[in-house]
Structures are given as C-alpha cells and as structure tokens.
Amino acid sequence: MSTQDTRALDAHAAIIELQALPAAEVVTGSPSAGVSSLGALGGCDYGLWEMSEGAATDVEAEEVFVVLSGAATVSIEPFGGEGERTLTLAPGSVVHLQEGMRTTWTVTEPLRKVWFALSED
C-alpha cells in the first residue's frame, strides 16, 4: 500500500503497485491488485485501487466507488434478502457495496477505481 500527495492527483497516471492475489481468492487467471490510500475525509478513507485481468473472490467492506477505467463484472452472492446479481462495470460506473457482501470480480480490462470507505479507526 502506498500513500501519495493528494491535493492534486492525476488518478489515471498515479502509480499503484500490484501484487499477486492469494491463491485461495483466485478463480481464473493470475490476477494482481493494488491499492493507494490517498487520505481521509469525514470518517471515510479514500484512495485508488486497481486489478489486472482475471477473476477473484472477496468479502467487501462498506464502500462506494467510481470506475475510472477498465471493464469487469462483479457477481454478488445473495445478501440482505436480495438474490444473486451481477453488476457490469465500465468507466463512470458508481457502485455501493455493503460490508460482508461476498463477491467475485471478473476483470476483462485492467480496472481502476477511486473508492471511499468507512474508516476502521
């Protein structure tokens, strides 16, 4: 995880170091991911996240994000009384994921997003 000066930042050009995802999370391919924490605002942390092509599972934190570039789908297992559903992500997608959702991310073009999540402090 890296921290950058965030008063003015080109989110497309910012460097995010990617690391291979744990084998237990990988569904297909050899995806890698990375995060760059940018700061905090009003009880929320925010930053950039990127994932390479492939598919992997995750258990989500409470988060809102905006896709900057790339393409993916996110399959969400049944949660909160709703059935399974799949979101299609493209630049401009705005998504709210709830804490505890079990997801599968299938990235077909490297996906970069800016995220906002409740601070854990």
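**View 1. Surroundings of F65.** Leaving aside neighbours within four places in sequence, F65 is in contact with L89, S93, V94, V95, L97, W105, K113, V114 and W115. The coordinates shown belong to a predicted model.

**View 2. The largest nonpolar core.** This core comprises 18 residues. Those with the most contacts inside the core are W49, M51, F65, L89, L97, W105 and L111. Two or more residues are contributed by each of strand 5 (44–51), strand 7 (63–76), strand 9 (94–97) and strand 10 (102–118). In soluble globular proteins, nonpolar side chains tend to be buried together.

**View 3. The chain as context for the close-ups.** The chain contains 10 strands and zero helices. Its radius of gyration is 14 Å, close to the 14 Å that the globule rule gives for 121 residues, so the chain is as compact as a globular protein of that length. Along the principal axes, the C-alpha atoms fill a box of roughly 40 × 30 × 25 Å. Of the contacts with a separation of 6 or more, 68% join residues 24 or more positions apart.

View 4. Of the 121 residues in the chain, 34% are buried. The accessible surface amounts to about 6,900 Å², and carbon and sulfur atoms account for 53% of this area.

Notes. Residues are numbered from 1 along each chain as its sequence is written. This is a predicted model: local features need pLDDT of at least 70, side-chain atom pairs count only at pLDDT 80 or more; totals for chains, interfaces and linings use all residues. Side-chain values use heavy atoms; hydrogens and water are left out. Helices (H or I, at least four residues) and strands (E, at least two) are DSSP runs, numbered from the N terminus. The radius of gyration is taken over C-alpha atoms; the globule rule is 2.2 Å times the number of residues to the power 0.38. Buried means under 20% relative accessible area, exposed over 50%, partly exposed in between (1.4 Å probe, protein chains only). Contact means heavy atoms within 4.5 Å. Accessible areas come from the Shrake-Rupley method with a 1.4 Å probe; for residues, only the protein chains shown count as cover. A nonpolar core is a set of buried Ala, Val, Leu, Ile, Met, Phe, Trp, Tyr and Cys residues joined through side-chain atoms within 4.5 Å.
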